[in-house]
Amino acid sequence: MNINRGIKAIFCFGLLLCFVLISSCENQKKESLNISEYLKSADGEKIYPSAKQIELLKEVMPKEAYFPAPKISDRTYWNAILETPSGKEYLKKATLLIDKEPEVPISDEIYKRANKEGNRGIYKPRYYRTMERLEHFILAECLENKGRFIPQIRNYSQAILDMKSWLHPNHDDKNNSVLEGKRVSIDLGARKFGAVLALAESLLEDSFSETMRAEVKKQLQWRITDSYLTSCETPNENNHWLNGTSNWNSVCTSGSLLVTIINSNNPDERLAAVGSAINSMKYYLSGFGEDGYCSEGLGYWGYGFSHYLYLAQIVLDYTDGRINLFEFDNPEKLKKVGNFPENFEIQNGTCAPFADGVSHTSSKGSNFANVLSSKYYGAKKPSEIRFEEAVEQIIAWNNPELFTANTTGVSQNTELNDHTYFNDFGMVISRGKQKSPFSIAIKAGHNAENHNHSDVGTYILVLNKAIMSGDIGAPSYTAGSFSPNNRARSSWGHPVPIIDNTLQSNGREFAGVITDTKFSKNSDKVVMDIKAAYEIPSLKSLVRTMENDKSGFGTITIEDSFSSTKPVKFGVAIMTLNEYKIIDGNTVILTSENEKVKAEIIGNGASIKITDELVPVKHLREGAPAYRIGIDFTKPINEGSITIKYTPIL
């Protein structure tokens with residue numbers, strides 16, 4: 001009988017244990033935010049979290065504020081960091097800056113002039129140098145703890161507090177209303193001023209006077225938190241980036257969130273900031289193709305996605321892993337976004353400068369996005385680690401297991417695929433494998449992309465490391481650079497057709513579609529319909545065909561064929577930043593510093609003429625001068641084609 005009782009007791013205990021375990025698992029599931037469910041619970045397109053979303057967040061959000069790192073008094077932590085190579089290097093750099101004075105406030109006169117002229121050079125360097133020095137002083141004082149940096153920390157902080165506007169002047173309106181105190185707005189610079197001051201107030205404890213601490217907290221509240229949450233609640237002119245798909249959204253959101261969860265004394269505000277950030281990031285991530293394509297190009301991928309990832313890491317740390325933005329609601333897409341740089345490279349570190357992108361991968365600046373992408377998305381691990389912002393450095397110190405460079409000699413596959421097809425955005429990279437590789441990137445796309453150029457059908461040819469022909473890249477950011485009439489931004493300044501003196505129109509509906517592809521080891525072919533990019537009623541068809549014959553030295557052919565219900569003028573262009581020579585009516589030689597390519601031109605339907613002219617834009621990111629070598633039929637025709645065959649001269 002006693003044995004039976006014992007067996008029953010064990011059985012009951014087992015049932016109780018199973019119940020506890022099941023209950024624990026269910027609670028564990030409840031404690032992790034289901035991003036898909038969260039997004040479905042939004043109040044339409046409103047960025048501020050809905051009542052249902054707030055209830056979901058209450059289950060996963062901490063009650064206390066966020067501490068980006070231990071305070072300066074935690075000498076166990078900071079002394080350990082000081083002994084690391086990165087800690088020593090950080091202190092060394094800060095020491096070199098210690099005697100430099102803050103370069104803000106900058107006069108109203110210069111602010112207004114920069115706003116009017118779009119002149120970044122007279123304001124931006126001084127503006128950013130100030131915040132970058134201050135963040136170095138803050139972390140250096142935490143590392144050293146001798147009071148040596150305190151006078152400059154106070155000096156710089158007061159200078160920033162004295163600024164009428166934290167905006168870069170280009171981002172104020174034409175009436176300078178932020179400078180004049182009529183409204184408050186957050187931009188790429190303001191969010192960083194806020195983040196740096198929030199770090200100082202959070203980490204340095206009594207290094208500020210009570211008066212300065214109170215002023216810092218007050219200004220962070222009204223310049224960042226109040227502005228941010230008000231715009232999330234009711235859309236206004238101040239923070240238009242909240243539902244944007246460009247880097248502005250991730251950069252400004254990450255800074256606004258960081259300031260709020262550090263500085264705000266109100267847990268409801270901290271919860272609302274996290275909830276708003278998640279809703280905003282739905283829009284930011286929608287700017288990438290399902291294939292991971294970033295229409296802003298590689299430079300803005302690094303800038304925007306690094307801030308998305310540091311936002312994700314901060315939220316993961318703050319919520320003890322209960323909100324995972326590294327997966328969001330689409331882990332497969334994020335993996336492709338994280339691997340974008342490798343897939344976008346044409347060859348030898350060269351990539352397409354479409355829109356406002358860059359043409360070469362850089363060994364300068366932060367590679368925070370590359371490092372975390374290697375950890376979370378299986379991208380190639382960089383051979384070095386570089387940071388630009390104090391927040392990135394703090395995240396690395398807090399998570400050393402995430403930040404290790406590939407210095408062990410472990411082999412990584414560096415062989416690029418024969419081709420890459422971003423089928424969502426309609427962009428193909430066809431890579432030659434010759435000793436001197438001859439390759440092309442060509443895209444259909446649409447004319448409402450981020451940093452849009454009117455460039456449906458554009459391409460770029462690369463021989464070895466040299467860009468020989470094609471897209472000339474972006475105009476530098478000066479007054480008028482963003483105008484659709486800027487000739488480097490309009491389709492006039494791209495290697496695409498002009499029909500009856502009509503350029504491509506701007507908008508999402510003005511798009512190209514890849515209708516056929518054929519990829520093989522020795523040859524690639526892409527066919528695209530680009531008719532929809534032009535508002536020409538008589539145009540029946542407009543097809544661009546690219547063929548890359550990879551045999552021998554390689555030959556890349558671009559053919560544009562069209563038909564119209566009435567005769568139309570028709571022409572295309574060879575765009576180049578190189579020297580060139582027009583040999584005859586059908587031949588052009590393009591010559592870079594080390595490479596040479598022959599362009600043979602064939603017109604079908606009428607005779608052709610070649611007219612070359614300078615691109616009238618002085619400031620190009622890829623360097624000026626640039627040239628447009630126009631190829632036009634000598635008379636209007638109903639149908640015809642122009643073929644350009646590019647062949648390396650070796």
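1. Ground rules. Local features need pLDDT of at least 70 in this predicted model, side-chain atom pairs count only at pLDDT 80 or more, and totals for chains, interfaces and linings use all residues. Residues are numbered from 1 along each chain as its sequence is written, and side-chain values use heavy atoms, with hydrogens and water left out.

2. Cavities. Searching the whole structure gives five cavities of 30 Å³ or more. (On a 1 Å grid over the protein atoms alone, a cavity is a set of points where a 1.4 Å probe fits but cannot get out; lining residues have an atom within 4 Å of a point. A volume is the space filled by probe spheres set on the points, which are joined across faces, edges and corners.)

3. Lining of the largest cavity. Tyr-66, Pro-68, Leu-199, Leu-258, Ile-314, Val-391, Ile-394 and Ile-395 line it. By class, that is eight nonpolar, no polar and no charged residues. (Ala, Val, Leu, Ile, Met, Phe, Trp, Tyr, Cys and Pro count as nonpolar; Asp, Glu, Lys and Arg as charged; the others, Gly among them, as polar.) Helix 17 (residues 390-398) gives the largest share, three residues. (Helices, H or I of at least four residues, and strands, E of at least two, are DSSP runs numbered from the N terminus.)

4. Second largest pocket. Its space is about 330 Å³. (A pocket is an open set of points with protein on both sides within 12 Å along at least five of seven lines.) Of its 22 lining residues, Asp-424, Phe-425, His-446, Glu-449 and Arg-508 are the closest to its centre. The lining has seven nonpolar, eleven polar and four charged residues.

5. Helices 9 and 10. Helix 9 (residues 190-203) and helix 10 (residues 210-233) pack at about 150°, with axes 10 Å apart. (Axes are lines fitted to C-alpha atoms over the stretch in contact; angles run from 0 to 180 degrees between N-to-C directions.) The two are therefore roughly antiparallel, a term for angles over 145 degrees. Helix 9 contributes Ala-190, Arg-191, Gly-194, Leu-197, Ala-198 and Glu-201 to the contact, and helix 10 contributes Arg-213, Val-216, Lys-217, Leu-220 and Ile-224. (Contact means heavy atoms within 4.5 Å.) These residues divide into six nonpolar, one polar and four charged.

6. Helices 7 and 8. The axes of helix 7 (residues 124-144) and helix 8 (residues 150-161) come within 9 Å and cross at roughly 145°. Their contact residues divide into seven nonpolar, three polar and two charged.

Definitions and conventions
Parallel < 35°, antiparallel > 145°, perpendicular 65-115°, else oblique.
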